[in-house]
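Visitor: Hi, I'm new to reading protein structures. Could you walk me through this one?
Guide: Happy to, just ask away.

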Amino acid sequence: MKNIIAAIIMTPFIAAAQTQESTDSIDTYVLNEVVVEGASQYTSSNKTTYLPDRNSKRTSQNAADLLSKMAIPQIVVDPTGDVQTNSGKSVAIYIDYELASQAEKDALNPQDVKKVEFLSYPTDTRFGNNHYVINIILNHYDYGGYAKITGVGNIFAGSGSGQAYVKASYKQMTYDINF
């Protein structure tokens, strides 16, 4: 009985002790919102556009090398230059809305790449019936062009191969020569 009377008498003092608030020594601030803007990627409903940085373009040798250095999250580029989606489906590579041959992909000058578009199920008829497409958009020359010579060889096996590619523009005409 003494314990119950003591608990009734002490209850107001315990409640008063619990309601006392001490001020914190840390100042509080109201933070503003954070807006993140992509400097090298733009996304719309049917395509994602990537802008390659100067370092990726400068250190790349061909189209597959540029795509692997850009680290596009939707695709996987294997060492042979084959491009697939993350789920293993093949990706068609186009250069300026035209299907690129292996020679054109190997001879691509990465310094001329303006942007790279990744399209899923494109509705544009220029892409044919391909489900996944990479379209590489290039800067165009009014006059001039470039020449590129590549080669691979094996001294021990006595074998090798090479390619010479010349791309030249004069007004509205573009000439591609491949050896």
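Visitor: Is K167 buried or exposed?
Guide: K167 is buried, because its relative accessible area is 18% and buried means under 20%. Keep in mind that this is a predicted model.

Visitor: Where does K167 sit in the fold?
Guide: You'll find K167 in strand 10, which covers residues 159-170.

Visitor: And what does K167 touch?
Guide: Leaving out residues up to four places away in sequence, K167 touches L138, G144, G145, Y146, T174, Y175 and D176.

Visitor: How far is K167 from K148?
Guide: Their C-alpha atoms are separated by 8.7 Å, and K167 and K148 are 19 residues apart along the chain.

Visitor: You mentioned Y146. What about D112, which residues does it touch?
Guide: Y146 turns up there too: D112 touches I137, L138, N139, Y141 and Y146, again not counting residues up to four places away in sequence. D112 is in the loop between helix 4 (102-107) and strand 7.

Visitor: Is D112 buried or exposed?
Guide: D112 counts as buried, since its relative accessibility is 10%.

Visitor: Okay, new topic: salt bridges. How many are there?
Guide: The structure holds four salt bridges. In one of them, the side chains of K47 and E117 meet, with N to O at 3.2 Å.

Visitor: What else does E117 form a salt bridge with?
Guide: E117 also forms a salt bridge with K115, and the closest N and O atoms there are 4.0 Å apart. K115 counts as partly exposed, at 28% relative accessibility. Put together, K47, K115 and E117 are linked in a network of salt bridges.

Visitor: Nice! What about the D65 and K69 pair?
Guide: The side chains of D65 and K69 meet in a salt bridge too, at 3.6 Å from N to O. Both belong to helix 3 (residues 63-70), and because they are four residues apart there, about one helical turn separates them.

Visitor: Are D65 and K69 buried or partly exposed?
Guide: D65 counts as partly exposed, at 21% relative accessibility. K69 also counts as partly exposed, at 35%.

Visitor: Let's switch to aromatic rings. How many pairs are there?
Guide: The count comes to five aromatic pairs. One of them is F118 with Y132, whose ring centres are 6.4 Å apart and whose planes are at 15°, so the pair is stacked.

Visitor: What does the F118 and Y132 pair tie together?
Guide: F118 lies in strand 7 (residues 113-120) and Y132 in strand 8 (residues 132-138), so the pair ties together parts that are 14 residues apart in sequence. Both F118 and Y132 are buried. For Y132, the relative accessibility is 15%.

Visitor: Which way do the rings of Y121 and Y132 face, stacked or tilted?
Guide: That pair is tilted, because the planes are at 55°, with the ring centres 5.4 Å apart. Y121 lies in the loop between strand 7 and strand 8 while Y132 is in strand 8, so this pair ties together parts eleven residues apart in sequence.

Visitor: Which residues do ring pairs link into a cluster?
Guide: Y94, Y97 and F127 are linked into a cluster by ring pairs.

Visitor: Last one! Which residues make the nonpolar surface patch?
Guide: Y143, Y170, M173 and Y175 make that patch, which is about 480 Å².

Definitions and conventions:
Residues are numbered from 1 along each chain as its sequence is written. This is a predicted model: local features need pLDDT of at least 70, side-chain atom pairs count only at pLDDT 80 or more; totals for chains, interfaces and linings use all residues. Side-chain values use heavy atoms; hydrogens and water are left out. Helices (H or I, at least four residues) and strands (E, at least two) are DSSP runs, numbered from the N terminus. Buried means under 20% relative accessible area, exposed over 50%, partly exposed in between (1.4 Å probe, protein chains only). Contact means heavy atoms within 4.5 Å. Rings of Phe, Tyr and Trp (its six-membered ring) pair if their centres lie within 6.5 Å; planes under 30 degrees apart count as stacked, over 60 as edge-to-face and the rest as tilted. Patches are made of residues with over 30% relative accessible area and no salt bridge: like charges are joined within 9 Å, nonpolar side chains (Val, Leu, Ile, Met, Phe, Trp, Tyr) within 5 Å. Accessible areas come from the Shrake-Rupley method with a 1.4 Å probe; for residues, only the protein chains shown count as cover.
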